Amino acid sequence: MTEYEVVIGLETHIQLNTKTKIFCACKADSWDDEPNTNICPVCTGLPGVLPVLNKAVVEKGVLLARAMQSDIRMRSFFDRKNYFYPDLPKGYQISQYDMSLASGGYLDLPMPEGYTRRVNIHKLHLEEDAGKTKNAGKQRLIDFNRCGVPLIEMVTGPDLRSANEAAQYLIRLRQLLRWLGVSEADMEKGHLRCDANVSIRPKGSDQLFTKTEIKNVNSIDNVRNAIEHEVERQIREVEAGNRVHAWTLDWDEEKNELRKMRSKETEADYRYFREPDLLPIELTQAWLDQILADFPELPMQRKARFVAEYKLPEYDADILTGERNLSDYFETAVQLYAGDPKKVSNYLMNDILRMLNESGKTANQLQLTPAYLAEILNMVDAGQINTSTGKSLLDKVEQSGKSPAKIVEAEGLGLVSDDSAIRAVAEKIVVANPKEVDAFRAGKETLIGWFTGQVMREMRGKADPKLATKILLELLKL
Amino acid sequence: MSEEITIEIFNHLVSLAALELDEKQAAYLRRELNQQLKAIHELEAIPLDVDLKITPHGVSYTLETSPVLRDDIWLPNPNPDEILAQAPKVEDHYIIVPDIPHEKLD
Amino acid sequence: MELCDHAAHQLLNLLRSKQISAQEIVESSLQRIATVDGRSGSLDSGEETDQDRQSVHAFISVTADHALDQAKKIDQKVSEGEQVGLLAGIPFSVKDVFCVKDTYTTAASRILANFKAPYTSTAVQRMQDQGAIIVGKVNLDEFTYGSSNESTAYQPCPRNPWDTSRVPGGSSGGSSTSVAAGEVPFSLGTDTAGSIRQPAAFCGVVGIKPTYGRVSRYGIIAFASSLDCPGPIARDVTDAALMLQVIAGADSRDSTTANLPVPDYLAILEQDVKGKRIGLSPDYFQISYMDVESGEIHQRPVHEEIRAAVYHAAEVLRNMGAEIIEDIPMPNTRYGIPAFFVISRVEAASNLHRYDGVKYGYRTPSAEDDLRVMYRKTRNEAFGLQPKLRILMGMYVSAAQYSEQYYNRALKVRAMLRRDFDQIFDHQGKYRLDALLTPTTPTTAFPIGDVYGDSVLMQYADQFTVTANHAGIPGISLPAGIAADGLPIGVQLLGADFSEPTLLNIGRAFEIGSQDEIWRTQKPAVLL
């Protein structure tokens, strides 16, 4: 039985999170709006209108291109891609054909199995989105709200070798897009759309065989599912002696099956030519430097650095470089705390993450700032409060926005380290519990924990437990 | 003189252009296209390897004379309904067009 | 002399010195329209009548009430001593490709017969901001495709005021007619291959194609986006300069406008032209034409009368101190039309994609259940022959397999034409010209019906003007004589990018130098 290798290339469309559309000043995000309310003459292609390029689109494109290690063109051109479709008001899409913003580059995917897959990027280009259509009986309903939203299209080489790798690509890409702040990359909202080109070949071959295109898959799980199904189908066909045809397929997520789509003009000639209403995009060195001045350390590099510099386990480092706000929070807290980063990491991975999940906030939105967290940790280290007080402070600071020190003072949460106060209570406990005292003196040394507990209870948890134990031992060993 | 745009090519162009023509118009247009192509063939005297930079516009723009790019600031259209008012068929704020009837697929 | 026959700058003086009112000016304009215009162009206009053949039909729509209303407001302001604009009270007409909010903008096509733009084009807005008053929208070749105005879907088409059996030129035929017939002092037109300059020459008025990017294209229904230039048509150079002053300048809504300050066009208008170097090129005195039998392109000399008019203009300028330099080589002139056939059609076909019956304009009543049928029927029923011709040629020459052969070659021609002009205008070059003086058109206005239908011959009417569109440089057409057939002859001045001040200056000098010539006393037939 022949063994087959899977060959997958992905085409992603990324919706940028600029405030406005690429060629007009309508909003870029109109997810919740009534149809045809976020429109203007330019994005609806009225007679006589002209496109005007949004500077932020170029800047976000450059950030992404740099992150993908692509070659950025200092001069790139817009081109018209001509075809008829009701959601395309001008009858052409302004896109970039042969001289796009960037070309080349790659994304490395560390796979859970332990190897890294490098995915090459052929091309990265800017373009405008079309509107939305939906069917209603024999009619189509058209909404132009989304028309003109800025998109980046990225095309990979046929470098992925499994549905899992494809899923990983999307996961990493989504992480990177959010990390860079260029897209919300929410697949369910269409911020990240993916078409997969899938083919199979006998293992060991380096030929490329006929591929099918799977379109409109709207979640990472669906991408994985759809590709797996398609691979199985292709293998079945080939084993049965049939050829694979260059179909375009649609994934029905309810039925969990692939459907053949009506083939558009598969050999469509879009008659590309330079967009005469726009000048070429001219990136000067000064502008490029300005855009890249705050280019962030990317997740993979930061993860490696966390492991090396902070001696964090890979698992922790992975979580702490998953999302940029959390990651920046961690690093700031570590630097302010100046103690063991693992302590900070524990707080983040447990309490802080829980807080974020429950509230839906991002780490930069917490009232419990890195500085406050560091303060709490320092206070525990210095014995001013005990660990459980420390934990309870997390929520208190987050709710009130007040500094830990203020809350400790206001609520009297500070550990009592006053020797005489503890001694007084300890003496009281010893006197009140002769049986236990005898048991202890008789050899049941573990009772010290019980005694300490009693003192703590009496002092409502505010005693420094170590000191309490020390004093009790003194009293008991008399 | 053989015609460059044959009837087949012409009909293909008509369908690409989303037009449909009556016979008289088709004949006239095809004839004029072929006449124009004769004039266009004058261009064959231009060697392709002429080392001349092609630009999308005749005038040249410098960095100083090029318009500044647009700032990313939202300017809502105060009257989007004026645009909808131009559409031939609107329902519930959607623009309505007929669908493309689906062919039966296997 | 009627008020409406005065130049705008004269009317402004009279208005400012309170000798006349804006209302009187507008009334005079409307009166002239009523007298000479005849039926406005309309769809389904029926048979042509004898009356039609005597009228000029410049307008598609006249907005009399609105115009009088605006005039009243201006008179009110003037009487109260308030500031009014540079062109306050002056009526003008607008080629019906300029969107004007809440009016119909038809592009002289059935497909936009019911289109009301929710915005106003920048050029019109600037005129209105300076107090100029729109009197109506004037006719044009459908979608500006043509050089005679005959292709309009709004018949009767405009007729040349000098001889109503002749075309006024195109595509801005309505603009040039309305100015030549004294209906308005100036008009806003567009020029893609000569559509301002050629009708200006045919009608004996002044027309400017500004440098590409000098005037905003926002709000103008596009023909060929890399070639279209909005500009003024006026009775004399001073008026043309005045209008250009108002409409020129960068526009944040048009990414191809030049970020360059607008000079004061009136400041140096009357300067002398001593030492100005003006060139004459033999390549502009040869007409290219297609031999009917062989289909080959041949050349023959331009008509002697036209050549004489240009040389006479050179003489006048020489007498005013300019240097005339002959034998300027412009060898690529002959490729202007072939290249235009390709480039303009590629862009036009694309620009017409949006007329699909979905969002605005005409939608066929007869295709309820198939989108593709809706597209085809809509476009077939509502586009005239000329748009169809341009779309089909555009589809053909832009196909991927022909891009090298046709489109890229044509773009090379554009670059070559540009280089030719750069070389002659180069201040460090061999010729160091301030301007090139040429005929505007190969012939005077031809009879209605004579050329229409022969699309090659019609396009070649633009062979002397199209070169400026390819190169992007400015050009001005000036009336320079009347031919034996009683029709105006125009001469053209071409200059380097943004040399409008120089061209206007030389044009004004020619006006002054020829002001006593007999032909300047002749009037168009409709005004006799």
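This report describes a predicted model with chains A, B and C.

## Confidence

The predictor gives the complex an ipTM of 0.96. The pTM is 0.92. Chain C averages a pLDDT of 96. In chain C, 100% of the residues score at least 70. Where pLDDT is low, predicted coordinates should not be read in detail.

## Chain B

Chain B has 106 residues. Its secondary structure comes to 3 helices and 2 strands. From the N terminus on, the order is α-α-α-β-β.

Chain B has a radius of gyration of 24 Å. A compact globule of 106 residues would come out near 13 Å. Along its principal axes, the C-alpha trace of chain B spans about 60 × 55 × 35 Å. Of the residues of chain B, 32% count as buried.

## Where chain B meets chain C

The contact takes 49 residues from chain B and 68 residues from chain C. Several helices of chain C each supply at least two residues to the side that touches chain B. They are H10 (336-351), H11 (371-382), H12 (385-397), H13 (403-425), H14 (455-460) and H15 (466-471) of chain C. H13(C) gives the most, with 13 residues. By type, this side of chain C divides into 35 nonpolar, 14 polar and 19 charged residues.

## Where chain B meets chain A

Here 36 residues of chain A are in contact with 26 residues of chain B. Two elements of chain A, helix H1 (55-67) and strand E10 (139-143), each supply at least two residues to the side that touches chain B. E10(A) gives the most, with 5 residues. This side of chain A divides into 16 nonpolar, 9 polar and 11 charged residues.

## Helix H3 of chain A

Helix H3 of chain A covers residues 220-239. The helix has 20 residues. From first C-alpha to last, H3(A) reaches 29 Å, close to the 28 Å expected at 1.5 Å a residue.

Which residues of H3(A) are buried? They are A:Val223, A:Arg224, A:Ala226, A:Ile227, A:Glu230 and A:Gln234. These residues cover an arc of only 170° around the axis, so they lie on the same side of H3(A). The face turned away from that buried side carries the exposed residues A:Asp221, A:Glu232, A:Arg236 and A:Glu239.

What covers the buried residues of H3(A)? The cover includes helix H2 (163-180) of chain A. It also includes strands E1 (4-15), E12 (192-202), E13 (212-217), E14 (248-252) and E15 (257-260) of chain A. A:Gly241 follows H3(A), and its phi is positive, near 90°.

A:Thr2 sits in the segment before E1 of chain A. Is A:Thr2 buried or exposed? A:Thr2 is exposed, because it has 10 other C-beta atoms within 10 Å, and a residue counts as exposed at 12 or fewer. A:Thr2 and A:Leu16 are 14 residues apart in sequence. In space they are 44 Å apart, C-alpha to C-alpha.

## Backbone exceptions

Most residues other than glycine have a negative phi, and most peptide bonds are trans. The table lists exceptions of both kinds.

| Site | Feature | Value |
|---|---|---|
| C:Gln155 and C:Pro156 | cis peptide bond | omega about -5° |
| C:Gly170 and C:Ser171 | cis peptide bond | omega about 10° |
| B:His93 | positive phi | phi about 80° |
| C:Ala108 | positive phi | phi about 55° |

C:Pro156 is in the loop between strand E3 (133-138) and helix H6 (173-180) of chain C. C:Ser171 is also in the loop between E3 and H6 of chain C.

B:His93 lies in the loop between strand E1 (90-91) and strand E2 (94-98) of chain B. B:His93 is partly exposed, with 15 other C-beta atoms within 10 Å.

C:Ala108 is in the loop between strand E2 (91-95) and helix H5 (122-129) of chain C. C:Ala108 counts as buried because it has 35 C-beta neighbours inside 10 Å, and the cut-off for buried is 20 or more.

Definitions and conventions. Residues are numbered from 1 along each chain as its sequence is written. Chains are lettered from A and ligands numbered from 1 in the order in which they are written. This is a predicted model: local features need pLDDT of at least 70, side-chain atom pairs count only at pLDDT 80 or more; totals for chains, interfaces and linings use all residues. Helices (H or I, at least four residues) and strands (E, at least two) are DSSP runs, numbered from the N terminus. The expected span of a helix is 1.5 Å times one less than its number of residues. The arc is that of the directions from the helix axis to the C-beta atoms. Two residues are in contact if their C-beta atoms, placed from the backbone, lie within 7 Å. Ala, Val, Leu, Ile, Met, Phe, Trp, Tyr, Cys and Pro count as nonpolar, Asp, Glu, Lys and Arg as charged, and the others, Gly among them, as polar. pLDDT is the predictor's confidence in each residue, from 0 to 100. The radius of gyration is taken over C-alpha atoms; the globule rule is 2.2 Å times the number of residues to the power 0.38.
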